[in-house]
Amino acid sequence: MNKTDLEKYQKWTIMHKEMTKDAIKTSFQVNREYTLSKDQYTATTHDNFLAIAFTIRDRLVERWIQTQQSYHKKNVKRVYYLSLEFLIGRLLGNNVYNLGLEKEVNEALEELGFDLEEVRDQELDASLGNGGLGRLAACFLDSMATLGIPAHGYGIRYEYGIFNQKIKDGFQVELPDEWLRSGTPWEFARPEYAVKIRFYGGTNMFYDKNGKLCVKWIDTQDVLAVPYDFPVPGYKNDVVNTLRLWSARSTEEFDFDYFKNGEYDQAVYQKILSENISKVLYPSDNVHQGKELRLKQEYFFTAASIADIVRRFKTENVDFRNIPNKIVIQLNDTHPALAIAELMRLLVDEYELVWETAWDITKRTFAYTNHTIMPEALECWSVDLFERVLPRHLQIIYEINDRFLKDVAVQYPGDLERLSRMSLIEEGYPKKVRMAHLAIVGSFSVNGVSQLHSELLKSHLFRDFYEFYPDKFNNKTNGITPRRWLLKANPKLSSLITESLGENWVKDLGQLEKLLPLAEQQLFRGEWQKIKNQNKKVLAAYIAKTNNISVNPESMFDVQVKRIHEYKRQLLFAFYIVSEYLKIKNNPGALTVPRTFIIGGKAAPSYSMAKLSIKFINSIADIINRDKAVRDKIQLVFLENYRVSLAERIFPASDLSEQISTAGTEASGTGNMKFMINGALTIGTYDGANIEMAQVVGPENIFIFGLRTHEVEELKRKGYNPQDFINQLPVLQEIFHLIQTGFFSYNQPGLFDPILHSITSYDPFLLCADFAAYCQMQEQVSKTYQNKEDWTKKSIINVAKSGFFSSDRTIAEYAKNIWKV
């Protein structure tokens, strides 16, 4: 390189490092011209998005490389976070904020003639998750980077993430989520680190020349796992961690023998079959092929991740016994639990460690987070399927189980029932492998995600294991990242907070407590109300555009957005809405507070009751919104295709957050925290993280109703009969009569009979038992809302007390108490 070229290169490099408005403008123009081969005349809006994305990416890359070099040079202990879901959403805005460039980027684009929001809307959500589990994983990655923790996320690069939801005639219709159809500027393919993943085949056991038993996994069908890396920047600290997502590729791209004989479909059959593994998030497990694909997905990404982790360990270390000092692997629920068996396979079969040494290493390396209370939600795989797909791993799990049960038998001699309950294999037809049991036995830490959830794990779900391993169990209440859910989602409120407190709250959310004295100031409350009203107008405009419904921003925005599931009780909310409709029809002057009810969420494609609930809600909306007598008092909107970018519009505009799951069913919830940090008040049951929210804000600043967990258990123990409650509630009787007579389905008689039958016959989630208490608390909500000053004060208090629910606090607890990093 001559002197002139060197000077050009140095100038170009400096330009792509600088964080000024002018440097960003120059980078934008260079990227548009030389990366995209476009100019101001030919560039589309999407091209302009890519140009600014590459501009931001350039500034991430240097920090990314330096961060990873630092980890390698210091040979630090690393955290590996394995999750089948990462609901990362859109990344441009998040990366801009974490680099501290929002002002410079806004000004640069404005001078270039573009609007940042319009450009950002070109980015498709990376919907690589179904709900709270995936969004939590994304928040945790943000916090790990912000706290400077050496960490890597591992998951699957689904070609089609969670489906796009369309509402047609009130029904949910699933469409492919083609988030990669135009590519993504944030990923870097790393084919040089591809890993061969094996399936099927059999095992060959033999003794080596030293008399040691050896096992080889043979005659396998292989798939390549190709990694794609996404940078994960911390907030204004120059740390950039990595999210590595695996994509399936065939080891045989094309069979020419089939092709030359005219069998064109067969020529690419193996490629299509192999690559199905990373096509879709959560294939339907109602059919055998879906179950098998799901099992293959889980092994595919865990095996690739373990191979990658061991490869990285070996670059700086020699002794495998040092793995627990350099590696901690956090399992985000049971989906990655196969990683335990896979690490054992590598250590014993490939690296020829003796079983006892390998098992000691393994159980000191893994930590397990449980995310469910309901036994039916715990993953189990039939032994027949497991043996066919992963024959060697089944042998390993049997060996783990045999040794484990011998230890249990020593502590509890003669207790055969306990041995059966704790076994990694569930006897019966068919026999099943209990993945949660494998995760517990193979980990040094087992944590729940809220106080109640963790106590229920110890007292109910995993009681036997808690009695056997009392020191393993602990609680780490979930949290959310304030960078995404306040700083970025609610810039107006963030600006008001920063003007009042300074900007340190973004990395230390506990500083929001300094807002408490300001809640007493009328001028500050006025500014707070003004921002809430502006956010409501933004959401109202979105609703008008997407739903063709004009809602009143002056009404209370009463919101429930989350995955559609019976235990989350969207139907309880729907019945209350109908009761309010009937109240107005019977007495037009009865309603004192106009409300806009907003519901959103996706139902699993095979979950018929949840999908019918969506239709029921939309049918109610159709009746209410067409009725001129009520629509200036109540309206109901179902927002289709609920996703991260839509959530960022909803939370800042919400007045009331509906967190109404049956007590004892919600592990934690994080949507409740996102509403809280944006100033919404909560109406909810004493369930999940609602309990800790009530503790920090005080009972006067939250609306808690309904049966407690022990009351739910007692009612069920005595024999719950929903008719006992229905007979005492005329309004429920009227609602059910309307359903029965086809009021909500006049052109499809009997459509909602399954809902009616479920609720009136056995009501598994106790809607009828909680309905009266729920309606009474809603009356209290209305009374409180009428006093705008008091409501605003409570809103400020909720935000001020939200510091505990930062994922930075959660991750700091993981780092100190579990990971020891």
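## Strands and the open sheet

Two strands count as paired if DSSP finds at least two bridges between them. In this predicted model, strand β21 (residues 595-600) is joined to β22 by 6 bridges, and the two strands run parallel. Within this pairing, R595 stands opposite I634, a residue of β22.

Both strands belong to an open sheet of 6 strands, which follow the order β22-β21-β20-β23-β24-β25 and pair in parallel. At the edges stand β22 (634-639) and β25 (703-704), and because each has a single partner strand, one side of each is left without a neighbour in the sheet.

## Nonpolar cores

The largest nonpolar core is made up of 137 residues, and those with the most contacts inside it are M144, F199, F300, F386, F404 and W819. Helix α11, which covers residues 288-316, gives the most to this core, with 10 residues. Apart from it lies another core, of 70 residues, which includes F573, I623, V630 and C775.

Leaving aside residues up to four places away in sequence, M144 touches V79, Y81, I149, A151, N241, I811 and W819.

## The second largest pocket

The second largest pocket holds about 780 Å³ of space, and its lining consists of 33 residues, of which E117, R120, K488, A489 and P491 lie nearest its centre. Among the elements that give two or more residues to this lining are α4 (92-98), α5 (102-112), α6 (116-120) and α26 (644-653), while α22 gives the most, with 5 residues. Sorted by class, the lining of this pocket has 14 charged, 11 nonpolar and 8 polar residues.

## Backbone angles to look at

Most residues other than glycine have a negative phi, and most peptide bonds are trans. Against that background, a few places in the chain deserve a careful look.

Y200, in the loop between β8 (195-199) and β9 (202-207), has a phi near 65°, a positive value in a residue other than glycine. R569, in the loop between β20 (556-561) and α24 (570-586), likewise is not a glycine and has a positive phi of about 60°. Buried means under 20% relative accessible area, so Y200, with a value of 12%, is buried, and R569, with a value of 1%, is buried too.

A cis peptide bond joins Y429 and P430, with omega at about -5°. P430 lies in the loop between β16 (425-426) and β17 (432-434).

Definitions and conventions
Residues are numbered from 1 along each chain as its sequence is written. This is a predicted model: local features need pLDDT of at least 70, side-chain atom pairs count only at pLDDT 80 or more; totals for chains, interfaces and linings use all residues. Side-chain values use heavy atoms; hydrogens and water are left out. A nonpolar core is a set of buried Ala, Val, Leu, Ile, Met, Phe, Trp, Tyr and Cys residues joined through side-chain atoms within 4.5 Å. Buried means under 20% relative accessible area, exposed over 50%, partly exposed in between (1.4 Å probe, protein chains only). Helices (H or I, at least four residues) and strands (E, at least two) are DSSP runs, numbered from the N terminus. Contact means heavy atoms within 4.5 Å. On a 1 Å grid over the protein atoms alone, a cavity is a set of points where a 1.4 Å probe fits but cannot get out, and a pocket is an open set with protein on both sides within 12 Å along at least five of seven lines; lining residues have an atom within 4 Å of a point. Grid points are joined across faces, edges and corners, and a volume is the space filled by probe spheres set on the points. Ala, Val, Leu, Ile, Met, Phe, Trp, Tyr, Cys and Pro count as nonpolar, Asp, Glu, Lys and Arg as charged, and the others, Gly among them, as polar.
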